[in-house]
Amino acid sequence: MSDQIKSIVEKLNKEPFKKNYNLITFDSLEPMQLLQLLSDVLGEIDSKHVVDIREEMPEQTAKRMLSLLGILKYKPPESSTDLSTFRQGLVIGSKPVIHPVLHWLLQRTNELKKRAYLARFLIKLEVPAEFLQDDTVADTNKQYEDLMEAFKSLHKECEQLKTSGFSTAEIRRDISAMEEEKDQLIKRVELLGLKESNNSIHVLIKAIVFYKLFHAEQRMQRVQLQLKDMQHAVVDSKPESLMKRLEEEIKFNSYLCSEKLPRELESKKQSLYFLQKVAAEPAMGQSDLNELETKINEVNAQINQLIEKRMMKYEPIDSKFSMYRQQASIISRKKEAKAEELQAAKEEMSNLERQMSQKANQAREVDGTEVLKGDEFKRYVNKLRSKNTFYKKKRLEMAEITAEYGILQRTEELLKQRHEIIQQQLQAIEDKKGISGYSYTQEELERVSAAKSEMDEMKGRTLDNMSEMVKKLNALVADKKSNLAPIIKELRQLRQNCQELTQECDEKKVQYDSCAAGLESNRATLEQEVKGLREECIQEESCYHYTNCMKRNLEVQLQRAKDEMKTYVSPDPQDRRKAIREQYTRMILEQENLGKKLREKQKTVRESHGPNMKQVKMWQDFEQLMECKRECFLKLQNQTSVGRVIQEGGEDRLIL
C-alpha cells in the first residue's frame, strides 16, 4: 500500500498535475479533496470531466465517474468485489476505494486518453428493432454504422502511419541522400561530357541509361524483398489451402468491387450532387427558410397519408412481400457487416503477422535460435509430453518416499520415547543401588575414547598426506624451473625490445598530438563557417516561404476581386445577387430601414413620456391614499373590539 501511495504522489507531482504533495499531505486529504483530485485526473484523461464537484450533486458525481471508469474498463480490486460497496466508497470519498483507482489511472494515462477519445466515437447507439423497420431510420442507422467503420479504418491508418517509422528526420535524411545521389549523377555526367565533348548526344543518352538502370536496380531490390516475404509466408502451406485462401479472397474482393464499393460511390455521388445543388442556390434569408420548412412539413404529411392509404389498400396482398423485403434487407445489412468485419479481421491478421515476424527476428537476435514451426513444434510438444509423464512418475515416487519418510519419522519418535523411558528406569535403578550417573559416565568415557582414536587416525593420515604433498611440490618446482629457464632468457630480450618500442611510441605520440591539434583548429574554423552558412540558408528559406505565402494571399485576393467584378458585371440577376457588393447593399438597406423604425419608435416614446410620467405619479398618489384608508380602517376596527369578550371554539377571550 505504501508503494502504491508513493507512485501516486510521484505521478501527481509531475506534469501536467504539479500538485507538490508528499506522503503526509496526500494521506491527510479530506474525502471531498480526494474526490476533486480523482475528478481532475479524469478531466485530464477526458476534457468533458473537468468539473468542480462542489457545484455538482454527489449522485451525479458518482454516476459520471462510474460511467467513465466503465468506458475505460476499470476493474475494482479483489478486496472490493461488491459493486454497491465500491459505489458507496466512491460517493463518500473512501481512501481504500479511491487510492487504487488513482494508481490505476496514473499508471496508464496515455493509453486511457486514447481509449476515452475512441469511446467518444465508437460507443454504438442501440436502436430498437421496431424502429429499424422504418426505411428512413434504417438508412440513417446504416449511415451511422458506415461512418463508425470509416472512422475505425481512418484511425487504424493514422496509427499505422504513426508507428510506421516515417518521421520528418527520416524524410529529411532521404531527401538529403537523394540530393547527394543527384549530385553524384551530375558529376558523372560532367565527367562523361569531358571525355566525349565532341559527341554531347551520346553523353546525354548514357546519363539517361545510367539513371534508368539505377532506378531499375532499386525497384528490383524492392521486388526481391517482397518475393522473400511471400516465400517465407508460403513455406509451410499446402496447395489446397492456398487455392482455398485465394478463392475466398477473390470472392471477398468481387463482393467489394461489385456490391459494396459501387453502392458507397453512388451514395457519395448523390450526397455530392445535393451539396453542389445547395451551394449553387442563392443565399436565403430567414423567411425563405421558414417557407421551405413549412413546405417540407406539408410534403411529409402528404407522404404519410399516402403510405397509410397504400398500407390500408394493399396490406393483405403485400404482407408476405413486405416480410420478405424486410428479411432481405436484414440479410444484406448482415452481409455488409460481416464483410466489414472480415476486412477488419484481415487487417488485424496482417498486423499480427507483421508483429509476429518482428518478434521472431527479435528472439533470433537475442537467443540465436529459430522459432519452432510445423513438425519441429510437434516434436517439441511430444518431447514435452514424454517429460511430463516422466515428471509424473517421479512425482509418484517422491510421494511414496515422503510417505515412507513420515512413517520412519514416527517410528523414530516412538523409539526416542521408549529410550527415554528406559533411561528413566535405569536412573531409578542406579539411585536405588547408590551409583547414580554410572551409565552416563560410562557412555561419556566410551564416546571420548572413540573420538580420541579417530583423532589419532586422522593425525596419522594428515602427516602421511603432508609428506607426500611436499615431495610432489618439490618435484613440480624443479620441473617448472627447468621449463622456465629458456623462457626467462627470451623475456630479457623482449624487455629490451619493449623499452626501444616505448621510446619510439612516445616520439610518434608527440608528433600525432601536434598534428591532431592543428587538424582540430582547422575543423573548428570549418564548423563555424558551416554554421554561419546554415543559418544564412535557414534565413533565406524563411524569407522565401514568407514571400511565397504573401504571393499566394495576393493571388487569392486578386482572384476574389476578379470573381466579384465578374459577378457584378454579369447580366444574370441570380449571379449578381451573389456579389458581395449586392449583399452589403441589401444589408445596408435593411439596417437603414431598421434605423428608421427605431427613430420613429424613439419619437413616439419621447412624445408620450410626459403624460406617462404624470399617470405614474397619479397612480402612486392613489396607492398612498388607499394605504392610508386601510390603516384607518384597521385602527377603527381595533378600537371597537377593545373590552369585548369573544367566544370561539368553545373558549372565552377578553380583548383589552
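In this predicted model, a helix is a DSSP run of H or I covering at least four residues, and helices are numbered from the N terminus.

**Figure 1. Salt bridge between Asp 621 and Lys 617 in helix α17.** The two side chains meet with an N to O distance of 3.2 Å. Asp 621 and Lys 617 are 4 residues apart in helix α17, so about one helical turn separates them. Both partners are partly exposed: the relative accessible area is 35% for Asp 621 and 46% for Lys 617. The structure as a whole contains 11 salt bridges.

**Figure 2. Nonpolar surface patch that includes Met 587.** Ile 580, Tyr 584, Met 587 and Ile 588 make up this patch, and together they present about 400 Å² of accessible area. Met 587 belongs to helix α17, which covers residues 580–640. The relative accessible area of Met 587 is 46%. Met 587 is therefore classed as partly exposed, since its value falls between the limits of 20% for buried and 50% for exposed.

**Figure 3. Salt bridge between Glu 413 and Arg 410 in helix α14.** The side chains of Glu 413 and Arg 410 meet at 3.4 Å, N to O. Helix α14 spans residues 374–433, and within it the two residues are 3 positions apart, about one turn of the helix. Glu 413 has a relative accessibility of 38% and is partly exposed. Arg 410, with a relative accessible area of 45%, is also partly exposed.

Figure 4. Apart from neighbours within four places in sequence, Asn 141 is in contact with Val 127 and Leu 132. Asp 146 is partly exposed at 27% relative accessibility, and Lys 142 is partly exposed with a relative accessible area of 22%.

**Figure 5. The largest nonpolar core and the surroundings of Leu 105.** This core has 31 residues, and those with the most contacts inside it are Leu 12, Phe 26, Leu 38, Leu 72, Leu 102 and Leu 105. At least two core residues come from each of the helices α1 (2–13), α3 (31–45), α4 (58–71), α5 (83–92), α6 (95–107) and α7 (109–122). Residues up to four places away in sequence being left out, Leu 105 touches Leu 38, Val 41, Leu 42, Ile 45, Leu 69, Leu 72 and Leu 112. In soluble globular proteins, nonpolar side chains tend to be buried together.

**Figure 6. Helix α7, its span and its buried residues.** Helix α7 has 14 residues, which at 1.5 Å a residue should span 20 Å. The expected span is 1.5 Å times one less than the number of residues. The end C-alpha atoms of α7 are 20 Å apart, so the model agrees with this expectation. The residues of α7 that are buried are Thr 109, Leu 112, Ala 116, Leu 118 and Ala 119. Of these, Leu 112 is one of the residues touched by Leu 105.

Notes:
Residues are numbered from 1 along each chain as its sequence is written. This is a predicted model: local features need pLDDT of at least 70, side-chain atom pairs count only at pLDDT 80 or more; totals for chains, interfaces and linings use all residues. Side-chain values use heavy atoms; hydrogens and water are left out. Patches are made of residues with over 30% relative accessible area and no salt bridge: like charges are joined within 9 Å, nonpolar side chains (Val, Leu, Ile, Met, Phe, Trp, Tyr) within 5 Å. Accessible areas come from the Shrake-Rupley method with a 1.4 Å probe; for residues, only the protein chains shown count as cover. A salt bridge is a side-chain nitrogen of Lys or Arg within 4 Å of a carboxyl oxygen of Asp or Glu. Buried means under 20% relative accessible area, exposed over 50%, partly exposed in between (1.4 Å probe, protein chains only). Contact means heavy atoms within 4.5 Å. A nonpolar core is a set of buried Ala, Val, Leu, Ile, Met, Phe, Trp, Tyr and Cys residues joined through side-chain atoms within 4.5 Å.
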